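Please look over the sequence and the model before reading on.

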Amino acid sequence: MPDLRAQLLDQGYVIIPRTISTERLDGLRASFEVLVRRQFDRWRRERDAAGRWPDSYFARQPRVLIQTVVDASTAEAVEFCLDDGTLGMSRRLMRAPHAAPTLMSLMCNPTEDHGPDRWHRDIRPASLAPLAGLQHDARVNGPAYVQWNIPLHDDAVLWVVPGSHWRVNTDEENRALAHDASAPLPGGIPVELNAGDAVVYLNTMLHWGSDYSARLRRTVHLGYRAFGAAIYPHAHAFNWDLGFTSRLSAATRRQFERFVELHADERRVIEAVLRAAMRRDADGFVRELAILHPGVEGRMVALVLLSKLVLRLPSLAETRSAGYDRRKDIADAFTAGEIETLGRRFAALDAALRAPADHFVPGFQDGPAGYSYNDMPAGFGVDEFIASWGAAAKLPDPVT
């Protein structure tokens, strides 16, 4: 039997034949077609007074979020995402005690040809750690997030550059991307899948949607994150909440409740890390950070990811006050004054991550940005971060 994890780590992707058995394929196709019709009906209802369809209807790659349209009659679509062949396989590939779905969707063809997408990595430097840091962390500690494409009909839309998950762009790739980011790249290859096959890949790899045409496409697109692994995942948020499970079986709801419990446990650790920083409790900070990211090497990447969370706390707090479901938002754990204090604790790290000016590196989803795309800050580790609190201490903390 091939070592699927070794293939994933070596190439950045692995093909798993017959993830959907021949006997099961027709049933899943039927369930997903019902979901597509429901999404289409929703778009029809969302037309404005002039009869214009919503922008998502015209997307180059329309997507159906499974949880928004599923019910008991189509529960197989969700149950498939919880199978041993998907959820269980993801956990084994990541060598994690637990795993949970972050994304459950179906990629569909548009109503008219849009041509190729742009080559990209699923990385946004303004909201994540620099690429080289993310890659090194996953290489030394093992990946903690995987993505899946599982076509219900034969599909070769996805192209990849094998091996690019462990490195930044080459000069040749940057020149090619700058010239035409929607053309085949040197070293790029199509991932040719028969109906029911799956490709699992690391989203730090260069990949490409080569043809968003009107040809029928129904490809299940999933994301899974690890819990309890050696690494804090760079993709960790759920794009679903428990409400949708009221339409499903009690057993399915219990599985999603367990995922929420795992997420809540992690949030409590994150809060403990941040509160230790607020108190300038170096020992407590190091102890809690080690729980969040057990791997000693690469732990600085988790700290960078936390710095991005701290930057978002003010806007999350505003959203919370405007009626957002505050129970699942870590911003709810902190007062406005505490959020301000956290901003000061992380200010030196944020400054170290910034670039001299806004710039753009080809092959990323966002740009231009004022942060380093590729490189972690030189000479700035956990010890330097803790030492930077001395500078923060020159400013009085707000009374809360």
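## Contacts and overall form

A contact is defined as heavy atoms within 4.5 Å. In the protein chain, 82% of the contacts with a separation of 6 or more join residues 24 or more positions apart.

The model is predicted: local features need pLDDT of at least 70, side-chain atom pairs count only at pLDDT 80 or more, and totals for chains, interfaces and linings use all residues. Residues are numbered from 1 along each chain as its sequence is written, and side-chain values use heavy atoms, with hydrogens and water left out.

## Secondary structure and size

The protein chain contains 14 helices and eleven strands; these are DSSP runs numbered from the N terminus, helices being H or I of at least four residues and strands E of at least two. Its radius of gyration, 22 Å, is close to the 21 Å that the globule rule gives for 400 residues, so the chain is as compact as a globular protein of that length. The radius is taken over C-alpha atoms, and the rule is 2.2 Å times the number of residues to the power 0.38.

## Burial and helix 5

Of the 400 residues, 52% are buried, meaning under 20% relative accessible area with a 1.4 Å probe, protein chains only. Helix 5 spans residues 84–94, and its buried residues include Thr86, Leu87 and Met94. Just after helix 5, arginine 95 has a positive phi of about 50°.

## Cysteines

The whole structure has zero disulfides, a disulfide being a pair of cysteine sulfur atoms within 2.5 Å. For cysteine 81, the nearest cysteine sulfur is that of cysteine 108, 14 Å away. Cysteine 81 is buried at 0% relative accessibility, and cysteine 108 is buried at 7%.

Methods:
Buried means under 20% relative accessible area, exposed over 50%, partly exposed in between (1.4 Å probe, protein chains only).
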